[in-house]
Amino acid sequence: MNNKLKSHNDVLEAIATAIDIPDYMNERACARYQSIGKWLDREESSIAHLAPSISPQGSFLLGTVIRPLGDTDAYDIDLVCKLDQTKTDTTMKKLKEAVGHEVKSYAATNNMQKEPEEARRCWALEYADEAQFHMDILPAIPDIENYRKKLVEASANDLLINTKIVENAIAITDKMLPQYSNITTDWPISNPKGYAAWFASKQIDTFKARKGLLVEQGSYASVDDVPDYKVKTPLQRSIQLLKRHRDSMFEGDENKPISIVITTLAAHAYQGEESLSQALRSILRDMQKFIHNKGGVVWIPNPVNPQENFADKWAEIPEKQQNFFLWLEKAQNHFGSYLANSYENIPLSLQESMSETTIKKIEPLISSSNTKSVSDILLSEVEHVKTSGPITKPWYG
Amino acid sequence: MVRIKRDRLADLLKETKDVICFDQPDLVATVVNSKIKIDGVYHVMPREQNNRGGGSLADYNIVIELDSRFPNYAPVVRELGGNIPQTSEYHINRDGSCCLEVWETWLAKSKDRSVQSFFEWPLRNFFLSQSYKREKGTFPFGERSHGDPGILNGYAEVLGCEPDKNVVLYNLQVLLHQPPRGHWQCPCGSGQKIRDCCRDRLLELSDRISPKLARQMLERLNGTT
């Protein structure tokens with residue numbers, strides 16, 4: 001076998017690939033949501049005149065989906081269903097119900113066993129067949145003006161001039177709000193596509209380079225032909241590894257660190273490293289530096305909406321904050337321990353957190369130690385100290 | 001006073017844990033007898049990309065004691081695994097501690113005196129040097145003379161002056177005042193006043209060597225023969 005794993009980086013890449021959503025599953029998920037999209041937009045649809053469009057959000061859009069821990073668990077796919085309406089045309093309730101009506105008829109027509117369930121902000125659709133998907137469909141309308149206003153209030157000038165971010169802002173519904181049934185301008189705001197644009201900007205060079213590599217290898221004719229999901233940058237891979245580590249540490253605990261917090265902090269800390277092992281180093285060392293303190297409140301700003309705090313629940317439920325730091329410490333220790341020792345031996349702590357079945361698949365592919373002498377490396381490390389830092393000279397007193 | 005010391009120790013423990021958690025995962029920090037004890041395997045990690053597949057360049061079984069007055073007090077480092085000969089030639093003191101550097105010269109050289117910086121430079125430099133010595137037979141960053149001359153040489157090096165005890169002492173006296181007094185005679189020996197001679201160089205120096213550190217160095221040097 002010529003694709004043997006010869007470094008920490010190779011091994012970590014192999015683990016991340018093993019926990020990634022397989023391509024066929026990814027394609028199946030796309031087909032499913034496109035089929036919902038077509039249903040909503042069919043001629044007889046009660047919302048066809050409102051030009052409904054369905055698009056992914058969250059980890060599916062960011063390329064950071066991971067396999068669920070249990071074999072029978074489902075993938076969560078978050079979708080936005082945007083209708084071409086304004087806040088003067090409709091209420092949150094009407095919008096939610098209009099989308100719900102069509103989602104229900106879709107489920108019935110496709111003989112889905114469970115009727116879609118209404119959640120606070122979305123409709124939850126469960127595929128009980130072999131596909132194993134939970135799809136959350138979030139009804140939304142465009143909300144560029146209100147979003148602009150919020151950015152002006154927050155003096156977020158760099159965001160205001162970024163059309164990729166501003167033009168994708170949406171207003172969403174929330175049935176817990178008192179104004180839920182009223183015509184009002186006061187809707188919750190969101191911007192999943194804007195967030196994805198910010199995320200993409202953090203890895204733009206490595207993303208392009210990796211697409212270029214696939215073209216060079218002859219897999220595709222041009223960079224534009226390479227589907228986004230075929231490429232995984234060290235940032236996306238790092239996030240997948242960290243999410244898996246979180247999942248196995250907390251399993252079903254509802255106070256576990258949330259993905260958007262891990263993703264945002266990791267993207268901030270990522271410095272464009274080309275290798276996964278280097279990226280993981282920067283991220284694990286630096287991610288907590290991007291947690292702010294705003295007048296005594298722990299604040300992890302949404303990078304495309306600085307007034308939104310991704311850690312807003314931490315004050316109310318201190319366990320969430322404790323869990324985050326507990327998790328970070330463990331993740332630092334487990335990955336750090338692997339990176340400090342030979343790439344051949346995956347420490348037990350990391351094996352457990354990545355799941356043993358995953359590791360069993362990888363282990364036979366690890367090539368035995370590469371016995372290159374450290375002599376030359378010592379030389380270059382010494383030169384590095386001489387040029388970049390204060391040298392120190394040993395003494396005897 | 002006791003309270004302040006305890007808080008300082010707790011802060012130092014947290015700082016230490018943050019430093020070792022990822023970078024030195026096989027070290028453990030605890031408080032023992034009002035000091036931070038850091039115990040376990042220290043990995044000399046490469047900073048540059050290399051083709052060995054990753055992992056440490058060498059491992060040393062060590063214990064470090066950090067005084068609550070760190071960085072003013074030098075940490076005590078011991079190698080326990082028998083990988084360094086316990087002799088002066090390898091810079092191991094009679095009491096078994098590793099002699100990383102004449103401590104004040106490190107303080108004078110480095111603006112960043114955090115635990116992180118200690119791990120990154122003096123500690124790593126020492127063990128990197130030991131690995132290098134074993135491979136190539138020499139210490140790559142040089143060595144200080146043993147005993148008092150080493151102190152004098154180290155101080156002269158950071159002050160940028162002759163390794164003459166009186167000259168070094170005068171330089172340190174100048175640095176007891178911040179800023180250095182302009183009408184004093186310049187320590188470079190030109191015979192001019194500081195304000196007309198090495199004023200800028202001395203201002204820069206006093207930025208790194210505070211009056212407190214200058215006093216510490218002065219007292220240590222005065223105690224030498």
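1. Helix 1 (residues 8-19) of chain A packs against helix 12 (residues 276-286) of chain A at about 85°, with the axes 8 Å apart. That angle makes helix 1 of chain A roughly perpendicular to helix 12 of chain A (65 to 115 degrees counts as such). Axes are lines fitted to C-alpha atoms over the stretch in contact, and angles run from 0 to 180 degrees between N-to-C directions.

2. This is a predicted model: local features need pLDDT of at least 70, side-chain atom pairs need 80 or more, and totals for chains, interfaces and linings use all residues. Residues are numbered from 1 along each chain, chains are lettered from A, and side-chain values use heavy atoms, without hydrogens or water.

3. On the helix 1 side of chain A, the contact (heavy atoms within 4.5 Å) involves A:His8, A:Asn9, A:Leu12 and A:Glu13. Helix 12 of chain A supplies A:Leu276, A:Ser277 and A:Leu280. By class, three residues are nonpolar, three polar and one charged.

4. There are zero disulfides over all chains (a disulfide is a pair of cysteine sulfur atoms within 2.5 Å). The sulfur of B:Cys197 lies 3.6 Å from its closest cysteine sulfur, in B:Cys188, too far for a bond. For B:Cys198 the closest is in B:Cys186, at 3.5 Å, also too far.

5. B:Cys198 is buried at 16% relative accessible area, whereas B:Cys197 is partly exposed at 28%. Buried means under 20%, exposed over 50%, partly exposed in between (1.4 Å probe, protein chains only).

6. Of the 397 residues of chain A, 50% count as buried. The C-alpha atoms of chain A fill a box of roughly 80 × 50 × 45 Å along the principal axes.

Definitions and conventions. Helices (H or I, at least four residues) and strands (E, at least two) are DSSP runs, numbered from the N terminus. Angles under 35 degrees count as roughly parallel, over 145 as roughly antiparallel, 65 to 115 as roughly perpendicular and the rest as oblique. Ala, Val, Leu, Ile, Met, Phe, Trp, Tyr, Cys and Pro count as nonpolar, Asp, Glu, Lys and Arg as charged, and the others, Gly among them, as polar.
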